[in-house]
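This briefing goes through selected local features of one protein model. It is grouped by topic and meant to be read beside the coordinates.

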Amino acid sequence: MTAQVPATEPSSPGPETAKADRPNVAIIQGFIGSMMMLAGSFGVGWLSLASGLRTNPVIIWLRFDQPIGAVAAVLLLATGGMLLVRSWLRLGQRMKGWGPDSRPVVMRAIIAWSAPMCLTLPLFSRDVFAYIAQGLVMVSGLNPYKDGYSQISNYLQIGADDLWAQSPTPYGPVFLWLEELVVRVTGGQVESSILLFRLIAVVGVAMCIYFVPKLAELHGINPNRALWLTAANPLFLTNFIASIHNDALMIGLALAGLYLAATKRVLPGILLVTLSVGIKPITIIFLPFIGLLWAGKNASWPRKFGYWFMTAGISLGLLWIMGLINGFGFGWVGALSTPGSVWIWYAPVGFAGMLVATLGNALGLPGWTLADIVHTIGRLASVGIVLWQMFVGEYSRLIRRLALAFAAIVMLAPMIQSWYVVWLIPLFAVTGLRDDWQAKTLYLLVSFFMVYAISDQLDIWPYFEFSLTAARQIAAVTALGFALYLIFVDPKTKVLFRKKLTAPAPGELRH
């Protein structure tokens with residue numbers, strides 16, 4: 001699994017190019033931004049109704065006393081989040097050549113920026129409260145693939161979103177066990193449960209930090225730049241640490257398994273990817289590409305099919321054993337449609353479906369039935385792209401083909417969440433993200449999703465004059481204004497969004 005090194009990513013520069021241009025300036029600025037997010041989270045982060053923090057004087061002032069506290073928290077969160085985006089961009093600019101000396105610099109940034117997030121109230125997502133509620137479902141002896149957490153007494157006190165209260169969990173058996181373990185250890189106490197789930201997420205982040213550089217080196221890609229693109233990325237840190245998504249462990253395990261498979265340790269690689277599937281089944285997309293790695297270069301089609309069947313057999317066998325142990329079998333298969341039953345306006349397929357529905361309704365036709373057809377076409381197109389990447393392409397580009405297949409699944413779905421985009425970043429970073437339109441696209445995506453996250457999910461006390469709508473408007477104006485400043489005004493960062501396409505060097509492998 002090797003490739004030529006792109007001209008924009010030197011892998012072994014001389015000492016004079018390895019020195020960074022005062023990177024600590026960017027690191028400190030990012031730390032300040034992260035601390036601002038921490039402070040803002042106490043006012044507008046998600047807080048359980050059962051939380052003892054509601055009696056804390058600072059929390060009371062920020063959330064319940066006067067609207068000025070909530071306004072201050074919104075401004076801190078929005079400004080801090082976008083300052084972190086600027087710091088990430090500036091750190092990348094300050095690195096000269098991405099030589100060996102840049103690794104500890106990137107690691108200092110990751111630690112400095114993520115440490116405050118380890119202490120925030122949950123930001124931009126309430127999923128962690130659903131994890132606690134589902135853990136209580138497991139402890140109660142119910143079947144989470146049939147019984148929603150609405151079966152748990154006072155589940156609203158925990159803080160879980162009522163939208164999914166009667167839905168089966170979309171998570172696999174491994175994460176169900178983790179949910180049960182956390183609740184048994186903490187007795188269901190909310191704050192301690194949040195800290196344990198965040199620790200699990202940090203383990204996933206640590207796995208990404210360890211394996212991203214290794215996967216990049218396999219492809220002749222600068223490992224330090226890949227690490228900066230991935231683990232120092234504010235979208236990565238906020239979704240995996242501040243928001244406490246279980247996707248952190250899912251992707252960490254999948255990358256670990258992918259690296260082992262790419263280095264001829266296929267069986268433990270399949271095991272790790274299967275554990276990842278046992279968190280969220282979406283990473284099942286890794287398995288056919290691991291089968292191709294196992295079959296080897298220049299494998300015949302009978303050999304490829306043979307190794308696909310063996311890979312699938314081992315993984316499904318392990319999942320079958322897990323189903324026997326927990327008694328739920330493959331109940332998670334029927335729950336997979338839970339997160340995919342909605343759409344959002346910024347997803348291309350979701351937007352197309354909305355247009356078709358609006359036009360259809362205007363003409364007296366069943367608009368949303370037509371929208372469902374559009375959504376189905378998008379899903380079928382993504383399956384077609386996955387099959388194309390499985391059957392067509394060079395062996396040396398297998399992981400890049402996996403990245404493209406995974407991207408099709410994400411980008412052609414009617415619902416795209418910010419953490420879905422984070423799934424893709426490591427795979428593209430380790431197989432080569434050129435410093436041209438490709439990097440610019442990532443910068444724009446990070447900026448967009450940070451603005452959207454900041455202005456979307458805020459926990460506002462409903463019993464004073466400052467409404468949730470007003471809070472979102474202030475957050476949106478602040479974050480969007482900062483983003484526009486970065487793109488069009490800031491003399492340091494605006495050049496990143498205006499770079500012309502960099503022509504590849506002669507003979508360079510096109511990623």
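This is a predicted model: local features need pLDDT of at least 70, side-chain atom pairs count only at pLDDT 80 or more; totals for chains, interfaces and linings use all residues.

## Aromatic pairs and clusters

The structure holds 35 aromatic pairs. One of them joins Phe-448 and Tyr-452, a stacked pair with 6.2 Å centre to centre and 25 degrees between the planes.

- A pair of aromatic rings is described by the distance of the centres and the angle of the planes.
- The angle of 25 degrees between Phe-448 and Tyr-452 falls under the 30 degrees required for stacking, so the pair counts as stacked.
- Phe-448 and Tyr-452 lie 4 residues apart in helix α21, which means that about one helical turn separates them.
- Phe-448 is partly exposed, at a relative accessible area of 31%.
- Tyr-452 is also partly exposed, at a relative accessible area of 22%.
- One aromatic cluster is made up of Trp-88, Trp-98, Trp-228, Tyr-443 and Phe-497.

## Charges over rings

- Arg-126 places its charged end over the ring of Trp-46, at 4.5 Å from the ring centre.
- Lys-304 places its charged end over the ring of Trp-301, at 4.0 Å from the ring centre.

## The second largest pocket

- Rolling a probe the size of a water molecule over the atoms shows where empty space is left.
- The volume of the second largest pocket is about 450 Å³.
- This pocket is lined by 16 residues, and the closest to its centre are Ala-407, Phe-428, Leu-433, Thr-441 and Leu-445.
- Three helices each supply at least two residues of the lining: α19 (398-411), α20 (418-431) and α21 (437-456).
- By residue class, the lining of the second largest pocket has 12 nonpolar, 3 polar and 1 charged.

- Arg-225 is part of helix α10, which spans residues 223-230.
- With a relative accessible area of 3%, Arg-225 is under the 20% limit and therefore counts as buried.
- The Arg-225 side chain reaches the backbone oxygen of Leu-433 at 2.7 Å.
- Leu-433 is also among the residues closest to the centre of the second largest pocket.

## Cavities

- The model has 3 cavities of 30 Å³ or more.
- The largest cavity holds about 40 Å³ of space.
- Its lining consists of Tyr-131, Phe-175, Phe-197, Ile-200, Ala-201, Ile-244, His-245, Asn-246 and Leu-249.
- Helix α9 (residues 190-218) gives the largest share of this lining, 3 residues.
- The lining of the largest cavity comprises 7 nonpolar residues, 2 polar and no charged.

- Most residues other than glycine have a negative phi, and most peptide bonds are trans.
- Trp-98 has a positive phi, near 55 degrees, and is not a glycine.
- Trp-98 sits in the loop between α4 (67-94) and α5 (102-114), and belongs to the aromatic cluster named above.
- The relative accessible area of Trp-98 is 8%, so Trp-98 is classed as buried.
- Phe-124 is likewise not a glycine and has a positive phi of about 65 degrees.
- Phe-124 lies in the loop between α5 and α6 (127-139).
- The relative accessible area of Phe-124 is 8%, so Phe-124 is classed as buried.

## Distances between selected residues

- Asp-162 is in the loop between α7 (155-158) and α8 (173-186).
- Asp-162 is partly exposed, at a relative accessible area of 44%.
- Ser-447 is buried, at a relative accessible area of 4%.
- From Ser-447 to Arg-397 the C-alpha to C-alpha distance is 29 Å, and the two are 50 residues apart in sequence.

How values were computed:
Residues are numbered from 1 along each chain as its sequence is written. Side-chain values use heavy atoms; hydrogens and water are left out. On a 1 Å grid over the protein atoms alone, a cavity is a set of points where a 1.4 Å probe fits but cannot get out, and a pocket is an open set with protein on both sides within 12 Å along at least five of seven lines; lining residues have an atom within 4 Å of a point. Grid points are joined across faces, edges and corners, and a volume is the space filled by probe spheres set on the points. Ala, Val, Leu, Ile, Met, Phe, Trp, Tyr, Cys and Pro count as nonpolar, Asp, Glu, Lys and Arg as charged, and the others, Gly among them, as polar. Buried means under 20% relative accessible area, exposed over 50%, partly exposed in between (1.4 Å probe, protein chains only). A polar contact is a pair of N or O atoms within 3.5 Å; within protein, one must be able to donate a hydrogen and the other to accept it, and residues adjacent in sequence count only if both atoms are side-chain atoms. Rings of Phe, Tyr and Trp (its six-membered ring) pair if their centres lie within 6.5 Å; planes under 30 degrees apart count as stacked, over 60 as edge-to-face and the rest as tilted. A charge sits over a ring if NZ of Lys or CZ of Arg is within 6 Å of the ring centre and within 35 degrees of the ring normal.
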